[in-house]
Amino acid sequence: TPITPLHPALDTPYAYPQSIPKPVLAAINGPVAGLGFSHMLYYDIRIASDRARFTTAFARRGLISEHGSSWMLPRLVGPAHACDLFFSGRVIDAEEARAMGLVNQVVPHDELLPHVYERATELATLSSPRSIAIMKRLVYTHQFTDLATASAETDAEMLKSFPSEDFREGVASFLDKRPPRFTGR
């Protein structure tokens, strides 16, 4: 079920991964170019194999960046890196992608899928689904607001957390030194 309300500026089919209340992880195991590059930008967490390579390639084909990638990429890597990647179409390796913030992490190729599965399992078992869904909505919608508005909304959401089942379970599991059993409520 998509997060509601999602900001109207994110009302595009390509932003669908951002509307899902659960984390969306990308396991990038090889070359990423053009449309694949654009789609990858919308995932919450991007983990790359040390064999992954990235290029926009648009300018080298007489094309322009597509599907909102000119909006997404600068938010991930900054305008200077975005212009470099868009204008040059050069190929970068996974470590350069990590250094500029395009991917979160680089792991050895043979460990990629087990590592991403482990990260997903960790998020699913140790983090409150209620907390993740709310924070994900805030991360993506607060790009369209000012700090005072974002602070007020996060403070209000924090107050709503205190009576939640997940907050009680989070505290109990910490005190009992055991893994949490979150319900998402």
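The structure described here is a predicted model. I47 also stands opposite Q105 in β6, a strand covering residues 105-107 that runs parallel to β3 and is joined to β3 by three bridges. Strands of a sheet pair through backbone hydrogen bonds, in either a parallel or an antiparallel sense. Strand β3 itself, which spans residues 45-49, is mostly covered, since five of its five residues are buried. From this strand, I45, I47 and S49 point one way, whereas R46 and A48 point the other way, and all of these residues are buried.

The protein as a whole contains nine helices and six strands, and of its 185 residues 37% count as buried. Its C-alpha atoms fill a box of roughly 55 × 40 × 25 Å when taken along the principal axes.

A further group of strands forms an open sheet of three, in the order β2-β4-β5 and with mixed pairing. Within this sheet, β2 (31-33) and β5 (92-93) stand at the edges and have a single partner strand each, so one side of each is left without a neighbour in the sheet.

Salt bridges in the model come to a count of 10. One of them links E95 with R98, whose closest N and O atoms are 3.1 Å apart; both residues lie in helix α5 (residues 94-100), three residues apart, which is about one turn of the helix. E95 is partly exposed, with a relative accessible area of 41%, and R98 likewise counts as partly exposed, at 38% relative accessibility.

Other salt bridges connect two helices. R137 forms a salt bridge with E153, with the closest N and O atoms 2.8 Å apart, and because R137 lies in helix α7 and E153 in helix α8, the pair ties together parts that are 16 residues apart in sequence. R137 counts as buried at 11% relative accessibility, while E153, at 27%, counts as partly exposed. R137 forms a salt bridge with E157 too, and here the closest N and O atoms are 2.8 Å apart. E157 lies in helix α8 and R137 in helix α7, so this pair ties together parts that are 20 residues apart in sequence, and both E157 and R137 are buried. Through salt bridges that share partners, R137, E153, E157 and K160 are joined into one network.

The largest pocket has a volume of about 290 Å³. Its lining consists of 15 residues, of which R130, S131, M135, M158 and S161 lie nearest its centre. Two or more lining residues are given by each of α7 (129-141), α8 and α9, and the largest share, five residues, comes from α7.

On the surface, M158, L159, F162, F167, V171, F174 and L175 form a nonpolar patch with about 740 Å² of accessible area together. Helices α8 (147-161) and α9 (165-175) each supply at least two residues of the patch, and α9 gives the most, with four residues. V171 has its place in helix α9 and is partly exposed, with a relative accessible area of 36%.

Technical notes:
Residues are numbered from 1 along each chain as its sequence is written. This is a predicted model: local features need pLDDT of at least 70, side-chain atom pairs count only at pLDDT 80 or more; totals for chains, interfaces and linings use all residues. Side-chain values use heavy atoms; hydrogens and water are left out. Patches are made of residues with over 30% relative accessible area and no salt bridge: like charges are joined within 9 Å, nonpolar side chains (Val, Leu, Ile, Met, Phe, Trp, Tyr) within 5 Å. Accessible areas come from the Shrake-Rupley method with a 1.4 Å probe; for residues, only the protein chains shown count as cover. A salt bridge is a side-chain nitrogen of Lys or Arg within 4 Å of a carboxyl oxygen of Asp or Glu. Buried means under 20% relative accessible area, exposed over 50%, partly exposed in between (1.4 Å probe, protein chains only). Two strands pair if DSSP finds at least two bridges between them. On a 1 Å grid over the protein atoms alone, a cavity is a set of points where a 1.4 Å probe fits but cannot get out, and a pocket is an open set with protein on both sides within 12 Å along at least five of seven lines; lining residues have an atom within 4 Å of a point. Grid points are joined across faces, edges and corners, and a volume is the space filled by probe spheres set on the points.
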